[in-house]
Amino acid sequence: MAEPHKRQALQDRRTLHPAPETVTAELFLKHPEFFDPEDKLQVRYELMRATGRGEMTVTEACRVFGISRQTFYILQRAFSARGVAGLMDAKRGRKGPIKATGEVVKFVRKAKLESPRLSGADLAVMVEERFGIKLHRRTLERLLQPKKA
C-alpha cells in the first residue's frame, strides 16, 4: 500500500486505483516495496507488459489485475497508439469550444485588450457581427481567463 504522501500525489494526478484490493498479480503481492496496487498507471502498465510478452493470457491478466476484458481492449488500443500516456484516464467531454476558432479567440482577446470595459455581452455582439456566429457571453468571458496549468 502507498504511504500517505504518495497516496495523495496519486490522487492529485488522478492515478489512484479505486479498488487496489482487486489486484492479485504475483508481482504486486511478492514485491510490495516496488509494485503498488494503488498506482493505477503502474497496474495498467504491468497488465500490458504481462500480456504483451505472453506471460499470461488476456483472461488471466484481467482476473489478476482486476479489470474487465472490455477495459483491457480499450487500454490495449490506447497503449498501442500513445504508449504509456495512453494508459492515463482521459478527460471526458469536449476539448474546448466548437465555434471559437483561433481567429475568434485572437479577435476577442485583442478587442478586450484595446477596450478593457467591454463585457462578455458586448464581445458576443462584436463576434456575431464580424464572424456571423453566436457565442454566449460566458463562453467569451472564459476565453479571456488565464489558462490553468
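Visitor: At what angle do helix 7 and helix 8 pack?
Guide: This is a predicted model. Helix 7 covers residues 120-131, and its axis lies 8 Å apart from that of helix 8. The two are roughly perpendicular to each other, because angles of 65 to 115 degrees count as such. The packing angle is about 100 degrees.

Visitor: Which residues of helix 8 make the contact with helix 7?
Guide: By class, this contact has six nonpolar, one polar and two charged residues. Helix 7 contributes Gly120, Ala121, Leu123, Ala124 and Val127. From helix 8 come Arg137, Leu140, Glu141 and Leu144.

Visitor: How far apart are the axes of helix 6 and helix 8?
Guide: Helix 6 spans residues 102-114 and helix 8 spans residues 137-144. They pack at an angle of about 80 degrees, which makes helix 6 roughly perpendicular to helix 8. Their axes are 10 Å apart.

Visitor: How many residues in the contact of helix 6 with helix 8 are charged?
Guide: On the helix 6 side are Val105, Val108, Arg109 and Lys112, and they meet Leu140, Leu143 and Leu144 of helix 8. Five residues of this contact are nonpolar and no residue is polar. The charged residues number two.

Visitor: Which residue pairs with Lys40 in a salt bridge?
Guide: Side chains of opposite charge can pair when their charged atoms come close. The whole structure holds ten salt bridges, and in one of them the N to O distance for Lys40 is 2.4 Å. The partner is Asp89.

Visitor: How many residues apart are Lys40 and Asp89?
Guide: Lys40 belongs to helix 3 (residues 40-52). Asp89 sits in the loop between helix 5 (69-82) and helix 6.

Visitor: What is the volume of the largest cavity?
Guide: A search of the whole structure finds one cavity of 30 Å³ or more. Its lining includes Lys40 and Asp89, along with Arg14, Thr15, Leu41, Arg44, Leu87 and Met88. That lining divides into three nonpolar, one polar and four charged residues. The volume is about 40 Å³.

Methods
Residues are numbered from 1 along each chain as its sequence is written. This is a predicted model: local features need pLDDT of at least 70, side-chain atom pairs count only at pLDDT 80 or more; totals for chains, interfaces and linings use all residues. Side-chain values use heavy atoms; hydrogens and water are left out. On a 1 Å grid over the protein atoms alone, a cavity is a set of points where a 1.4 Å probe fits but cannot get out, and a pocket is an open set with protein on both sides within 12 Å along at least five of seven lines; lining residues have an atom within 4 Å of a point. Grid points are joined across faces, edges and corners, and a volume is the space filled by probe spheres set on the points. Ala, Val, Leu, Ile, Met, Phe, Trp, Tyr, Cys and Pro count as nonpolar, Asp, Glu, Lys and Arg as charged, and the others, Gly among them, as polar. Axes are lines fitted to C-alpha atoms, for helices over the stretch in contact, and angles run from 0 to 180 degrees between N-to-C directions. Helices (H or I, at least four residues) and strands (E, at least two) are DSSP runs, numbered from the N terminus. Angles under 35 degrees count as roughly parallel, over 145 as roughly antiparallel, 65 to 115 as roughly perpendicular and the rest as oblique. Contact means heavy atoms within 4.5 Å. A salt bridge is a side-chain nitrogen of Lys or Arg within 4 Å of a carboxyl oxygen of Asp or Glu.
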